[in-house]
Amino acid sequence: MRCSKVILAITVFGVGVFMDTDQSHATDSKIYRYVITETAGSTSLDPLEADNTNNLPVARMIYATPLEISEENQLSSHVLESFQYDSSTRTIQWVVKTGLKYDDGTPITPDDVAFSVARMAYTRPQFPVVESIEGVEKWSKSKGALKSFPSGINVKGQTVSIRLSKNIEHPLFRFCLELFSIIPKKCVDSDSNKIVCKEIPSSGYYRIAEKSKNAVLFVKRDEAKIEGLKVPAKVRFEYISAEDLPKSLASLDEMTVFAGNEVTYPLSELKKIEEKFSTKFTPASRFSVLLLNPNVAPFKDKRCRQYFAKSFRESYSELAGKSQPLEASIFTKILPGYLSVKELGADKLLSDKDITECKSAFAKTKISWGYAEGEMRSVFNDALKKTFEKIGVKPSDPTVATNRKDLADFFADGKVSVFSGSSGFWALDPSGDMKMLFTPNLHKALKFVSDDSKLQKMISELDSGQGNYAQVNRYLYDEAMFNVYSHLRRFFASPSKKLLVDVPFAITSPAPWQVFKVN
């Protein structure tokens, strides 16, 4: 299961459990269809890019991570015999199972498991937990660093030890993120950090059997057992945009589950889906955000960012109404630091003079905007166009990107000046999630925010226990580059009431194979 958005407490000590073959193997040869409507197909199989929304579902199918979350919301592992964190010595210890293999028959080694951590530490040395591994800072700057491990990572026999420079509460669960996916060390060039294998072998529960532009067929690996679950032998991903889905509803059979994000759907279509299909929503523990590029006029002026963000939120609220209530807090209601729209002071930022000057600036400057293929009809785009009308903006013709990754690149490069995104935080470690979200060199579209030294200082203070969550929330709101406008839900729907499982209430993004009820 994807564990990057768990919202209940989990254990920090455990043993990797494996069930007998006849209990956990796939049970039939039918092809189960998993229709993804939130994104297009994957753009990379490199684990370092596995946090990208396009890539994440595929990574979870084909790669193992050191740890994962079980159906009972506890830490478990496909590759570790045991795992623990000793706070007295600040040491994580993993014992890697023997006999594990990639789908090409080569062994999964303790070095490979350790390398999944070292490669992240080298690429993103400020990432939560890995930044505290002893020796990482000096090692990550050294020539040929990936030819060795930092001093805090040691491999002896089947045991991987990771020593931290400071004590961290609940450090283990970070290692179930797809960014730590396990691949053969030999598949990475130690000098360039680039993937060199033509095909990266699978370490996870499934392997890719066939792949085309709009579909991927996954076949269950016999040797990869899933803890106590009956799962599909074959799962086919099909990519159909939220915009095109209504034309395909008649073709969705009893073997189909489709997954979506409510903010990408017109409200009328979402209502039809709920009426016609068995539908399960995950908790509203994620947030939707309007990003504004501060290097592009008129958004270079903070006042004009604030004015545009305020106008957008008003437009969104008018369209969404009570079905998707307006929120502006980066922290959801279950987290420290949550502030309502009123508490954030929506009406206190701008004077009449500010508004007049910004209106004049918008009237003189075309706003560049765009969307990914299949995303033209969405609540976000409807609210954006309504905002343009509301404040007298003359937008450019929209740029249509092939996928969201390309659109994010256009935004980062200034080719479009507005962009939509979404994410979410763990209740277990919201300060760590803040640090993760705004880790330099992680998300290109967030470069303008993650490069903010004042914000980074505030996040560091949160991490040390000295900071103020509400203060960080208010700072992001006031700077108006990163503008939360709703707390959203993902959903899963199926023509068959018998096929769709009850989505675990503590998990906002279950693994694709977990949503099917296999008899």
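The largest cavity in this predicted model comes out at about 60 Å³. Here a cavity is a set of points, on a 1 Å grid over the protein atoms alone, where a 1.4 Å probe fits but cannot get out; grid points are joined across faces, edges and corners, and the volume is the space filled by probe spheres set on the points. There are 3 cavities of 30 Å³ or more in the structure. Around the largest cavity sit Pro 47, Leu 48, Asp 112, Phe 115, Ser 116, Arg 119, Leu 179, Ser 181 and Ile 183, lining residues being those with an atom within 4 Å of a point. That lining splits into 5 nonpolar, 2 polar and 2 charged residues, where Ala, Val, Leu, Ile, Met, Phe, Trp, Tyr, Cys and Pro count as nonpolar, Asp, Glu, Lys and Arg as charged, and the others, Gly among them, as polar.

As for the bookkeeping, this is a predicted model, with local features needing pLDDT of at least 70 and side-chain atom pairs counted only at pLDDT 80 or more, while totals for chains, interfaces and linings use all residues. Residues are numbered from 1 along each chain as its sequence is written, and side-chain values use heavy atoms, with hydrogens and water left out.

Next come the pockets (open sets with protein on both sides within 12 Å along at least five of seven lines). The second largest pocket holds about 420 Å³ of space. Its lining runs to 25 residues, with Ala 40, Gly 41, Asn 214, Tyr 239 and Thr 402 nearest the centre. By class, this lining has 7 nonpolar, 11 polar and 7 charged residues. Strands S8 (206-212) and S9 (215-220) each put in at least two of the lining residues; strands (E, at least two residues) and helices (H or I, at least four) are DSSP runs, numbered from the N terminus.

On the helix side, the axes of H7 (residues 302-320) and H9 (residues 379-391) come within 8 Å and cross at roughly 120 degrees. Axes are lines fitted to C-alpha atoms over the stretch in contact, and angles run from 0 to 180 degrees between N-to-C directions. That angle makes H7 oblique to H9, given that under 35 degrees counts as roughly parallel, over 145 as roughly antiparallel, 65 to 115 as roughly perpendicular and the rest as oblique. The contact (heavy atoms within 4.5 Å) includes Tyr 307 and Phe 308 of H7 and Val 379 and Phe 380 of H9.

A cis peptide bond, omega about 0 degrees, joins Ala 297 and Pro 298, and Pro 298 sits in the loop between strand S13 (286-292) and H7. Arg 90, although not a glycine, has a positive phi of about 55 degrees.
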